[in-house]
Structure formats: C-alpha cells, structure tokens
Amino acid sequence: MSKNKSSYHWISFAAASVLAVALAGCGGGGGGGASNLTSTPSGTVAVATPTGAPPGPAVPAGTAPVTLTAATPAATFAAIAPVVAIGGVSINSPPMVTFSVADASNNAILGLGSKSQTTTAVAASYPNLVFSLAKLVPAANGAPSRWVNYIITTMPTYKSATDKTIVPGTVTRPTTDNTGTLTDYGNGIYTYQFYRDITTIKDQVTALKASGDAVAKTLSDADIADLAYDKTAIHRVTIQISGSAPGTGTNQPDGVQKVTTDNVVMANPVNMVYDFIPAAGRAVAASDTQREIVATAKCNDCHYKLGGAPNKDSVKGGFHGSGRYDTRYCVVCHTDQQKYGQTNVTSTAGSFPALTTAANASTTSRPNPNAFGSTAYSTTPTTIVADGEVLGNFPILIHKIHRGEDLYKKNYNFANVLFNEVKFPRDAKDCTKCHGVTGAANATAQGDNYKNVPNRKACGACHDGINFDTGKGVTNADARLLLTTSTLGHVGGIQLDDSKCVLCHAAADIPVYHPSFYQVLSTTAGTMGAQYAGLQNPPTGVPTLAYEIKSVAVSGTPKRATVVFRMLKNGSAVTFNTYAAGAAMLTGFSNGSTASTTPRIYIGYAVPQDNITSPADFNVNASVYLQNLWDSTKGTLSAPDSSGYYTAVLGKATTDGMDIPTSAVMVTAFMGYNYWVPTTGVDLVKYPAIRLQGQDVQMVATGYTARRTIVSNAKCNVCHEQLGIDPNFHSGSRNDATACALCHNPNAMNGGWSYDSKTFIHAIHAANPTPGAAQTGKRANAYTFAASSATDNFGGVRFPGYIQKCETCHVSGTYDLSASNYTDTLFASMQPVTVARGALVDTVGYTLNNKVSTTTGTTGTCDVNSATSGSASSAYAYSPYITKSTSAAVVDYGNGFSYNTGSATVSNGCKPNSGGVAVSALLGAYTFYSVAAGSSIDAQGTTLVNSPVASACFSCHDSAKAKAHMSNDGGGSIYRDRTTALTKTETCTFCHGSTGTVPIKTRHGL
C-alpha cells in the first residue's frame, strides 16, 4: 500500500455521530421514500438520523457489509459495483439528499468518502462522488418543457497556495457539486448537503452581474429569472459515483497525481436519478407532467454503454471519463445554459470558419477520422453557439451528432466533436430508433414528443439549413440535391416562437415525412439520383415486399437446383403476369423489359480446394434473374400453386452456369439481391423511380449441410436497420448478413487485402486510427481497401459500442469457438484466406498488361507481361504488407483459385511461371491455361494467404507484435506464401479456445 494512504480524510463512524449533531439544525423538507435508519447490518454501528434530514431509503439488509478504508487495495475499491437508492431531498437552505449504497447482494458499502483538497481549494472535495440539481420548466406557448440547472457557479478559491485571500466564485456553464458535507452513518446510509445554496442562486447571480462578472454580464433577465428556486416545480437530483480509486490518479489528499501511470478507475460507475417535488414532499408520480424522452437502453442498442466502458477499449470513444451514461443525467447539464460565456459563431454560405489542424497529433483531442496520419483538429473556432443554436443543449446536441455528415452546414466543432464527421449507421429520419415506439420495449412516457411537440430547437437541429427568424434557408430535400438555396426556405415563413409549429406539423404527419431511404447524390445540382427505400420505415404508400423459399432440391444429370418459392406484396402472395416480350413481369412495377431489374436466385456451394475435399466456406456461386426464369431463357418457372408458390428449375444449358458438380457441398439457394421499381401506389413526384427491396432469404438444399451460422440479421439491424441503406452499399439489395460469405469468401481479395467476410467486416468495424492520437479504432494500420486517394480509408468508421463485445454481432459460441460444431474437422476444412495474387502495380496511371492471344478452344499463347500507361490504378488501396510492382519491375504473386461454372472460355488465362518472383517488365514468362466447365484450377503456391483463424483476429489485432505472435506462437500464417502456409497447423485454440489457458472471452474482458 502507498504510504500516502494513511493520511486520507476518511469519515469515521465516530465523526459521523458528531456530524449528525452538527446537522441537527438543518430545516426539514420534502422527499419521498421510507425512513428506516435504525435497522443495521450485522457488524455495523447504528447512527440516528440527524434532525431535519430528508427521509432515507431502507437500510441495506445484507449481513456482510463491505467496509472501505484507507488500507483498501485500489483494485478492490475499483471493482465495487454500488447500487444506490435515494430516499428523499430537503431544500430549505443548501439541499440535503439521503441515499443508501450497497452491493448487488444488498450488503451495505461503508466508508465511501475519501477527500481531496488542492492547495488553492477553499473546501475539500469527494473525488468519487458528484451531485447535481435542476428544475423542470413546464412547456409553454408551444415550446417543450426544459431543464434548468442550479449549479452554475464555480467554487471560490484561494488566491494562491500561500496567499489565502479568497477569490469568489463566478458564473459558469452547468457543473456539479461535490464540496459539501457527506455523512456516513455506518450502515449503508449517507446524507450529502450541497455546498451551494440553490434557494439563493438567482440572487447570487444578480449580484455577480452587478459586480461585473464577465459571464454574468452576458445573461439576460430571462436567463437569471430561470434560476429562481420554485419549490412547486419538478426537481431532479443526480448522484454520480465513479472515478479513480483513492491513492491513484488525482484522487490524492492534495489532488496531485503521484505517479503518472498509476490510475485505477472504477469499473462500475453509478448514475442515480431522483425526481421529486419539494413542496409536496414526495417523489414524482406517473400522474405528474414529466420529461422522459429517450431511454438510455435505446442508446445502448448501438453504444453498448453510453459514454464508454471504463478500463476497456471502448473508452477511446467515450466521454466524461466513462462515468456518465444515463440520458436522464445528461439533460441536467446539457441545457440551454451551455451558452453561458460563449460567443456566437456565424456561418457563411452554410459553412462555419474552416477547421485547422494542430502541428502535432494530440493525446487528448479528437483525430481527423478521414485522413490516416492526420493530426488533431484545433479547438478554435469552437462552435459552442453556432448561428444562435446552443449546440450543447441536449436535444440540439444529440440530433446534430446523429444527423452528422448529412447536416447542411459544415465545419461544426463542438469542443472538438465534429458533427459533420459522424455517420449514423441508418437513416437519421427514423426518429423511433432513439425515441422508441409507444407500448414497445424501452419506450418512455414522453418519447412521442418528436411528433407531438414539434419545436424549432429539436427540429431545427436536423433541419439546420432553415433560419426560423427569417423564414429563409435551405431545406434538407434541396440540400440532398446539392442546392445552396431553396425557393421558399421554411414553407411556414418566419416563426419567432413555437406556438404555431403544431398547426402545420401534426403528430400524424411527422412520421410520414420521416421515412427511411437512401438517395444517390447526383453530381449535378438539382438533379435527383436513384432512391432506395428502407425495409423497416419505408415512405408512405410503398408496398412491402418479401420472399419465401419453401424447398430446395438438387437432382438430374447434370445436377440442377429446383427452388420452390413465392413472393409477397403487403403480405399477400404475388402472381406474375403471363410472359410477353417487353411486358412487365409484375403489375404496378416497371420490371420485366430488362432482366437485371428483377431479383435473383443464387446457388452457392463449395468444391474441393487446397486439398480440402469439403471446404467450410463457399467458393462458387451462380445466379439467374427472375425474368430469365419467367421468359424461360435460363430455366423454367411453373404456374403458381394455390398458395402462390412457384417451382423454378435453374438453368437449361451448361452455359447458363447453373450446373452443380457432384463434388459440391453446402448447396444453398439465396433469393432477393435486387430491387423492383414501382409505377403505382407511390408518390412518384417525391420518390421518382424509387427502388424497393425485399428481405433476402436463403435455404440449404435437401441432403446437404448448411454453412455454419456466425452472425444474425437481427444483430446487424439493431444499428443498421437494413444492411446497405445509409450507409449505402449494394443499394440495400444485399441485406442478409448471413449471406455475405457467399461472395465475401476466402478467395475474395483486392489490392492485397482480403474481403472475405470475417476479415472485411472486422476490419471495417475496428476502423483505423491516426497514430499518436486518442479516441481511435482498434487497428494499428489503415484499412485502405478500395481507397481512391492517399487519405482515403475506413478511418471515418467509429464503432459506437464496445469493440471487444463480439456478441454485439456474433451468434453465441461462434466468436470464442465454443459452439459444438467448432471441432478439429471444421478447422481442418477452413480454407486459407487469399490476400495477394497477380501483380499489383504501384504507379498511378499504369496498368499491367497480361494478354491471352491466339486462343483456339483450350489452347493458346500468352503475350509477354508489361506495365504500360493506362487508366488510374487503385494503388492507393494497396495493403502495406505486399510488394508492389512498378513499370520497371514486376512482382506477380500468381493466379488464384478459379472454378468454371459453365463457360468453355471464360476461365482461359495466363499464369506466371515464376509467380511471386520479380521478373522484367518485358521478359515475363507466362503459361496459357484453360479450365473446362465444371472444373477448377487451384491457386498457385506463390499467392499470399492468411490462415483462417488468425485472419479474423488479425483484422483487429494488426500490430507488428500481434502479427508475430500469430505466426510464431500460434502456428498461423499472415501474408505467407500458400505453399508454406498449407504445411502449417494453426494452434490458436490451444490457448484461446473456450477451454484454453487464455480464452477469447476472458481476453476480451467478457
């Protein structure tokens, strides 16, 4: 133990008795909760309630109290998990709150009250305890109710460590109180009397304004009037228990950290909220008018734990030291009072002053997420108040953060939180994602305020192009069209208050104007790009489409799949029209004249590869459009049965690519993967040619074993709503997470990166950091897959949850390899993951020519290899782990695996005789090859691969140390030639399997 700890100002039980007498003169007051302070746990001291204290909660009844002393190890202190109950609050002078602290077994936690006092502090503070108090101003004149914080003055200080002249406190933005008087009654019950007297705060601020206080002078009469104590109003007291264990960090008797590396943070911080009415002497009841808008549980759908998890990687994306996580607590400080002392920053043509970057990467400031190697943004100009909006006010702050990159105005900088750099992983117009749905889980009493109480603050936070004071500005719809002005601006004209908002924006109408869809931005201002409707919250009038597969069978010679399916529109089975050239396949939709505008049925399977007879992952897929079944060009389609099911036979000739070899395993049918374009039933003025998808579905064929399930759509859609819709990829038509592995399989690579699903998805969500800066992703290196410039990468992705909590996405047992199907047989059937093949040309503006010439059937010759001037290459996207080719020296890693599903010529090509070896740009030796239909060619041994288990881990853990560990200690392969890799056996599970010495679940802190 540190020798300094013996000097801690711990409140002893004897001292508590003295304090009880000292508090006897405090006046009584309101407060709810039972008073039961005489029942004490075994081994504790019964202490009487001081006269005038508010009622307390029940004394913790557990028989094993937890006693904290100066000798308690820091790790023990940090591990406590306090459970707090508030009994009541009295306000007749400085407020007093009574509360209990216990553990999960209701054992009292005693001795929670170490003190700290710097040399200039007038009063000691409690580093692990923070209190706040606010009142609720009722709704009026159309404006919503709002919180006003009473704790808006700083503590007085001494002029210096030696000069004890007191410097009075000043007005500040909402803060907290922890320099009052804490009394520990030795039985789990505590009282805390605030330092600040909220009953006189209005008078204090008035006096400070008269004395010339810089911040107080900026307050209007209305601002000061807000501070008047109103005992009839609803009040909220909050308690926060968090921070460093005593003797670590700055939690020292003198407030000075002794050892910079010594900071043991409480792992289970507490936010406790208690609403009460002082005049009524009771807690707020359900019948009282309240303001409960968003449940923290809704935030944690994506965030896992709002504010971050202490001592875990997610703290990098946290705030307030991960000690504040309850939205009911957030609103107490994030009020309109955040404007106190701040200067309004104005925008010009929709842009605030340009952001600049510091000369060096900061360890505390937020890095630029879009530029790998960039430095931190400067803090000036900080747009705390921007065009009159108080960005720190909770409804404005939260709406703007989640509107993020779609905001009209640019260069927002709220204390180095850059709104425009945030990407909400779904359409921000889906208000119910955060607000909830009445009657559903985690709904709040006033969650429907988003539609019942429209107002300029909340609505204007997203519609930030509108100036309600002038009635002018740019609408969101026009902003999406890249317009900088709107003809009307706000259709309702000038609105100086909220009284008329509801006249135009009725509760029934607001959801109609907030559908989920993705719109491709046109490069020409005023031109609308393609629109893709979301599945969960589509525009009004858009029909819901769905697919069902009843059965899949493989039969015949050659083997082909028979798929029995149906399509549903608004829940009813659809009957396709009778085929006619140029006709629409489905009434009310334009599809039919072009096959590529209809959904597809895929057949996926695996054939032998790398000496693996039954691979565990797909390596072949083929598809046919519904229209090509309807018109009988690439299969046949029966008439529907009485339930609307069609029977489709996929493929009519080998050249259709639908023949299934006898060696195939995991044969599975997938349906969807494209959109329909409606011509009726939709507001085509607002949504011209909008694309509609159904949920993709799949089914394994009878007699075959399905590929293992690793993730679930439900888990992905908690944050994404629908994969592929805002953020856009595949236009939302690939919306089945479990089917991504069909194409994103171990053979898929580009630019020296694998886009196998297990590597691709991990790497994206792990993001990549700016080296040396705080609040970064997990990866050590930029993931530059598909990058188009030197600064392009996935650094803009900020996983909002706890990156180590694998079950956020994974099905239980699949990430820690504990599921019953994770056997030695399964591991042995997993293919190596290809990361490099062919020649990757480094020079932008050059492409590699590798031509086939004089081809006759299955014979031909190859031109010499050369690198010549051509279109811009994707050299920016290349992995740092491969050797790049130049126009002077070519390194060709060789050909990858290839399977010919049906064409006699499509697999003709050239493979280098010296793959992986540098050869002259003009003298490369290449051999012609041809793959017959239904046959494959194995990858060359010179291609680079990652071993299957290590590949998933390396996508997040990509440091040089981790790479060496996986290769040297785990028997894995990272960017190793295939020939060598196939001789290795991964032993990762020996240590990191569910029964290993360091299981993944344990290593991830789960």
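1. Arg-282 counts as partly exposed at 33% relative accessibility, where partly exposed lies between buried, under 20% relative accessible area, and exposed, over 50%, as found with a 1.4 Å probe on protein chains only. Its partner Asp-288 is buried, with a relative accessible area of 16%, and the two side chains meet in a salt bridge at 2.8 Å, N to O. A salt bridge here is a side-chain nitrogen of Lys or Arg within 4 Å of a carboxyl oxygen of Asp or Glu.

2. Before going further, please note that this is a predicted model, in which local features need pLDDT of at least 70 and side-chain atom pairs count only at pLDDT 80 or more, while totals for chains, interfaces and linings use all residues. Residues are numbered from 1 along each chain as its sequence is written, and side-chain values use heavy atoms, with hydrogens and water left out.

3. By the salt-bridge rule the count comes to 26 salt bridges. One of them joins Asp-177 to Arg-196, with the closest N and O atoms 3.0 Å apart. Asp-177 lies in the loop between strand S8 (166–167) and strand S9 (181–184), and Arg-196 in the loop between strand S10 (189–193) and helix H3 (201–211), so the pair ties together parts that are 19 residues apart in sequence. Both Asp-177 and Arg-196 are buried. The helices (H or I, at least four residues) and strands (E, at least two) are DSSP runs, numbered from the N terminus.

4. Another salt bridge is formed by Asp-756 with Lys-758, the closest N and O atoms being 2.8 Å apart, and here too Asp-756 and Lys-758 are buried. Salt bridges that share partners also join Glu-405, Asp-406, Lys-423 and Asp-726 into one network.

5. Asn-900 lies in the loop between strand S39 (898–899) and strand S40 (909–912), and Asn-900 is buried, with a relative accessible area of 0%. Which backbone atoms does the side chain of Asn-900 reach? That side chain reaches the backbone nitrogen of Gly-902 at 2.9 Å and the backbone oxygen of Val-931 at 2.6 Å.

6. Three strands form an open sheet in the order S14-S15-S16, with mixed pairing; two strands pair if DSSP finds at least two bridges between them. Strand S14 (344–345) and strand S16 (389–390) stand at the edges, each with a single partner strand, so one side of each is left without a neighbour in the sheet. Strand S15 (residues 385–386) is joined to S16 by two bridges, and these strands run antiparallel, with Val-385 standing opposite Val-390 in S16.

7. Asp-509 lies in the loop between helix H12 (501–504) and strand S19 (517–521) and is partly exposed, with a relative accessible area of 35%. Asp-509 and Lys-451 are 58 residues apart in sequence, and their C-alpha atoms are 8.1 Å apart in space.

8. The second largest pocket has a volume of about 750 Å³. Of the 35 residues that line this pocket, the closest to its centre are Pro-127, Val-130, Gly-243, Ser-244 and Thr-250. A pocket is an open set of points on a 1 Å grid over the protein atoms alone, where a 1.4 Å probe fits, with protein on both sides within 12 Å along at least five of seven lines, and lining residues have an atom within 4 Å of a point. The volume is the space filled by probe spheres set on the points.

Technical notes: Polar contact = N/O pair within 3.5 Å; in protein donor to acceptor, adjacent residues only side chain to side chain.
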